[in-house]
Amino acid sequence: MSILRMTPETEATGLVAEIYEDDRRSLGYVPSYTKALSLNPEAYLACQSLLKAISKPLGPRRYELITLAASQAIGSTHCRLAHGEKSLRIFSEEQLQAIARDFHDAGLSEAEVAMMDYAMRVCTDAAAMTDADTQRLRDLGFSDREIVDITMAAAARNFISRSVLAMGVDLEIPPGMSEELKDALLGPLAPNPNGS
């Protein structure tokens with residue numbers, strides 16, 4: 001449980017009130033991670049602008065796949081749940097459960113699997129990455145710009161996820177999420193057969 005005193009919804013004013021209202025419109029509620037991060041509303045909004053700049057060229061499907069892989073690698077249950085919920089706009093619940101359990105065996109393309117493996121490596125061992133990691137993506141048809149966007153999406157997830165984890169923000173299950181999907185998103189990913 002976080003020791004931070006977050007702004008209650010009834011007390012929110014100015015930028016914080018706008019941030020809360022945006023979550024109410026898009027999610028139907030204001031998650032505890034928004035309340036924590038919006039204690040610095042200017043930084044929160046700057047981060048959201050960065051995420052939009054990164055995610056837009058990737059498109060929703062790629063961005064959510066990268067985010068799911070990165071948040072699992074970091075151990076961020078907050079982001080797995082939040083982006084699992086957002087991913088239901090793109091994937092059926094059945095496929096999303098399969099992706100959450102083992103994206104290597106979830107009906108994704110070879111390029112998507114490689115992209116997710118790359119995102120996990122960015123989050124777990126970036127210092128050991130070499131041109132071979134990037135070359136794998138290039139060989140599967142990703143442009144240099146796309147590789148940069150994939151890298152930045154995974155790295156940005158580190159910033160957000162690690163901030164939320166460090167502050168001990170309460171974990172909330174998104175309203176209406178099925179038990180099966182929750183269990184899949186909170187369970188460990190299968191080991192990467194490629195070892196990266």
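User: Hi! How far apart are Lys182 and Glu179 in helix α10, in helical turns?
Analyst: Hi! In this predicted model, Lys182 and Glu179 are separated by about one helical turn, because they sit three residues apart in helix α10. Their side chains meet in a salt bridge, at 3.3 Å from N to O.

User: Nice. Is Lys182 buried or exposed?
Analyst: Lys182 is buried, with a relative accessible area of 18%.

User: Which residues are linked in a network with them?
Analyst: Glu9 and Lys35 belong to a network of salt bridges that also includes Glu21, Asp22, Arg24 and Arg25.

User: What about Glu110, what does it form a salt bridge with?
Analyst: Glu110 pairs with Arg136, and the closest N and O atoms are 3.2 Å apart. Arg136 counts as partly exposed, at 38% relative accessibility.

User: Let's switch to the nonpolar core. Which residues touch the most other members of the largest one?
Analyst: Those are Ile66, Ile99, Leu108 and Ile150, in a core of 42 residues. Seven helices each supply at least two of its residues: α3 (41–58), α4 (60–74), α5 (77–87), α6 (93–102), α7 (110–125), α9 (144–166) and α10 (179–186).

User: Which helix gives the most to this core?
Analyst: That would be α7, with ten residues.

User: And what does Ile66 touch?
Analyst: Leaving aside residues up to four places away in sequence, Ile66 touches Leu58, Met115, Ala119, Ile150, Ala153 and Ala154. There is also a second, separate core of eight residues, and among them are Leu27, Tyr29, Tyr33 and Ala82.

User: Back to α4, how many of its residues are buried?
Analyst: Eleven of its 15 residues are buried, so the helix is mostly covered. Among the buried ones are Tyr63, Glu64, Ile66, Gln72 and Ile74. What covers the buried residues of α4 includes α3, α5, α6, α7, α9 and α10.

User: How far does α4 reach from its first C-alpha to its last?
Analyst: It reaches 21 Å, close to the 21 Å expected at 1.5 Å a residue. Just after α4, Gly75 takes a positive phi of about 90 degrees.

User: Another glycine, then: where is Gly107, and is it buried or exposed?
Analyst: Gly107 is in the loop between α6 and α7. It is exposed, with a relative accessible area of 71%. The C-alpha atoms of Gly107 and Gln48 are separated by 30 Å, and these two are 59 residues apart along the chain.

User: Last one: which residues make the nonpolar surface patch?
Analyst: Ile3, Leu4 and Leu39 make a patch of about 310 Å². Leu4 lies in the segment before α1 (14–27) and is partly exposed, with a relative accessible area of 32%.

Terms used
Residues are numbered from 1 along each chain as its sequence is written. This is a predicted model: local features need pLDDT of at least 70, side-chain atom pairs count only at pLDDT 80 or more; totals for chains, interfaces and linings use all residues. Side-chain values use heavy atoms; hydrogens and water are left out. A nonpolar core is a set of buried Ala, Val, Leu, Ile, Met, Phe, Trp, Tyr and Cys residues joined through side-chain atoms within 4.5 Å. Buried means under 20% relative accessible area, exposed over 50%, partly exposed in between (1.4 Å probe, protein chains only). Helices (H or I, at least four residues) and strands (E, at least two) are DSSP runs, numbered from the N terminus. Contact means heavy atoms within 4.5 Å. Patches are made of residues with over 30% relative accessible area and no salt bridge: like charges are joined within 9 Å, nonpolar side chains (Val, Leu, Ile, Met, Phe, Trp, Tyr) within 5 Å. Accessible areas come from the Shrake-Rupley method with a 1.4 Å probe; for residues, only the protein chains shown count as cover. A salt bridge is a side-chain nitrogen of Lys or Arg within 4 Å of a carboxyl oxygen of Asp or Glu. The expected span of a helix is 1.5 Å times one less than its number of residues.
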